[in-house]
Amino acid sequence: MKILIIGSGGREHALTWKLAQSKHVESIYVSPGNAGTDMVDKCCNINLNTHKELLNFAKENNIDLTIVGPEKTLVEGIVDLFKKHKLNIFGPSKIAAKLEGSKIFAKNFMKEFKVKTANYKSFNNPYSALSYLKHASFPLVIKANGLAAGKGVVICNNFKTAQTTITQFMLQHSLEQAGKSIIIEEFLIGIEASIICLTDGKTMVPLISARDYKTIYENNKGPNTGGMGAISPNNYCTDKVMDDFIKNIMNPTLNGIKKSKMDFHGFVFFGIMITKNGCKCLEYNVRMGDPECQSIIPLMNFDLLEMFQMTLKNQLHKFKFIWKKQICINVVMTSKGYPKTYTKGIKINVTNKPFVFYAGTIKKGNELLTNGGRVLSIVATADNIEKARKKVYKTIKNVSFKDAFYRKDIGL
């Protein structure tokens with residue numbers, strides 16, 4: 001089979017790496033890909049910029065399956081376009097992708113279908129939002145409505161921070177159109193978890209759990225990023241927690257997808273908070289998480305292509321998921337200045353063939369260079385978290401570039 005993967009991050013490298021192991025895969029094309037995807041067996045990078053170019057490439061090269069990594073591409077409706085031309089593509093329709101593309105749409109969906117979540121109010125008018133703050137209880141959470149690459153959520157401990165956030169989002173347009181509308185949400189106390197599920201629109205199955213480390217600095221300090229690392233499975237996701245999640249979050253979500261008649265063959269990423277009052281849904285994503293993907297993929301003991309195929313055939317209920325009995329940890333190395341401004345084109349030195357998924361990287365001649373904020377995911381698996389932590393932080397010494405930064409507390 002010929003596969004097309006859309007995206008350029010560590011998630012796409014992990015998907016490419018795993019799919020290349022399938023005996024059914026003949027070749028993989030990644031657009032635009034990165035230095036890592038270009039080094040995978042059976043794989044080559046291509047540089048296509050528009051949905052039309054991707055569609056034409058898939059037609060002309062007899063692509064059997066297209067897999068979409070980034071949320072923006074899904075929200076823009078590429079799945080609808082490919083299906084219109086009778087091409088196999090993995091992901092939700094444009095309408096279903098609004099579960100990630102619009103926080104307000106998602107929260108209203110949760111409310112309608114009784115998915116347990118935090119209390120909230122939505123605002124299109126900045127002055128109404130600022131007025132609401134005068135009677136609000138702190139801390140609270142402000143979320144930009146649109147896609148903001150993981151940077152549209154701010155925990156506000158006081159009136160001044162909330163006022164500044166609303167001003168930046170809605171009046172100064174710091175997130176462009178993403179912050180034009182916002183949600184002000186109840187602050188939940190508990191433990192965060194990422195539970196990525198798979199659905200064919202009729203069945204929904206949880207994959208192995210994970211934990212994302214969102215803030216730039218240790219101990220949950222500093223601004224949110226796209227993710228500074230992840231572990232899988234998440235030890236807080238006990239059988240009791242998973243039963244609660246399935247009953248009060250996953251099943252009502254599947255019910256909503258069915259009743260709304262959404263065309264959804266893909267991943268549903270649930271960001272949840274495990275509170276003393278049970279699990280509550282923080283957000284939906286409609287694709288595999290990044291960096292969670294880089295911690296989940298290495299634990300898969302099954303053919304990833306077969307999983308995709310069974311999902312697209314509406315036979316997900318028949319697929320057998322077999323997981324390695326290990327812990328996987330992923331530490332993200334970033335460019336100096338991320339998540340704000342940073343320099344590209346810095347030489348990366350790699351020795352001793354560490355287990356690495358490449359993200360913001362590019363190859364020029366024989367040199368490996370940085371090409372983004374999140375540059376690399378350093379990965380290790382072991383029988384327990386202590387061994388995995390020791391292994392990954394030993395491995396990370398085999399990779400270096402000027403002013404590289406990473407958190408030292410991933411897995412704690």
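Helix α1 buries G10, R11, E12, H13, A14, L15, T16, K18 and L19. That makes nine buried residues out of the ten in α1, which spans residues 10-19, so this helix is mostly covered. Do keep in mind that you are looking at a predicted model.

**Helices α5 and α6**

- Two packed helices are described by the angle between their axes and the distance between the axes.
- For α5 (residues 94-101) and α6 (residues 103-112), the packing angle is about 100 degrees and the axes lie 6 Å apart.
- Because of that angle, α5 counts as roughly perpendicular to α6.
- On the α5 side, the contact is made by I95, K98, L99 and G101, while α6 contributes K103, F105, A106 and F109.
- Sorted by class, the residues in this contact of α5 with α6 are five nonpolar, one polar and two charged.

**The loop serine S102**

- S102 sits in the loop between α5 and α6.
- Is S102 buried or exposed? With a relative accessibility of 13%, S102 counts as buried.
- S131 is 29 residues from S102 along the chain, and the C-alpha atoms of these two residues are separated by 23 Å.

**Cysteines**

- How many disulfides does the structure hold? The count is zero.
- For C281, the closest cysteine sulfur belongs to C279, and at 9.9 Å from the sulfur of C281 it is too far for a bond; a disulfide would need the two sulfur atoms within 2.5 Å.
- C281 is also buried, with a relative accessible area of 0%.
- C328 takes part in no disulfide either, and the nearest cysteine sulfur, in C293, is 10 Å away.
- C328 likewise counts as buried, at 0% relative accessibility.

- Where is S335 placed? You will find S335 in the loop between β17 (327-334) and β18 (349-350).
- S335 counts as buried because its relative accessibility is 3%, and the cut-off for buried is under 20%.
- The S335 side chain reaches the backbone oxygen of G372 at a distance of 2.8 Å.
- Which residues does S335 contact, once neighbours within four places in sequence are left aside? They are Y342, T343, T370, G372, G373, V375, F401 and D403.

Definitions and conventions. Residues are numbered from 1 along each chain as its sequence is written. This is a predicted model: local features need pLDDT of at least 70, side-chain atom pairs count only at pLDDT 80 or more; totals for chains, interfaces and linings use all residues. Side-chain values use heavy atoms; hydrogens and water are left out. Buried means under 20% relative accessible area, exposed over 50%, partly exposed in between (1.4 Å probe, protein chains only). Helices (H or I, at least four residues) and strands (E, at least two) are DSSP runs, numbered from the N terminus. Axes are lines fitted to C-alpha atoms, for helices over the stretch in contact, and angles run from 0 to 180 degrees between N-to-C directions. Angles under 35 degrees count as roughly parallel, over 145 as roughly antiparallel, 65 to 115 as roughly perpendicular and the rest as oblique. Contact means heavy atoms within 4.5 Å. Ala, Val, Leu, Ile, Met, Phe, Trp, Tyr, Cys and Pro count as nonpolar, Asp, Glu, Lys and Arg as charged, and the others, Gly among them, as polar. A polar contact is a pair of N or O atoms within 3.5 Å; within protein, one must be able to donate a hydrogen and the other to accept it, and residues adjacent in sequence count only if both atoms are side-chain atoms.
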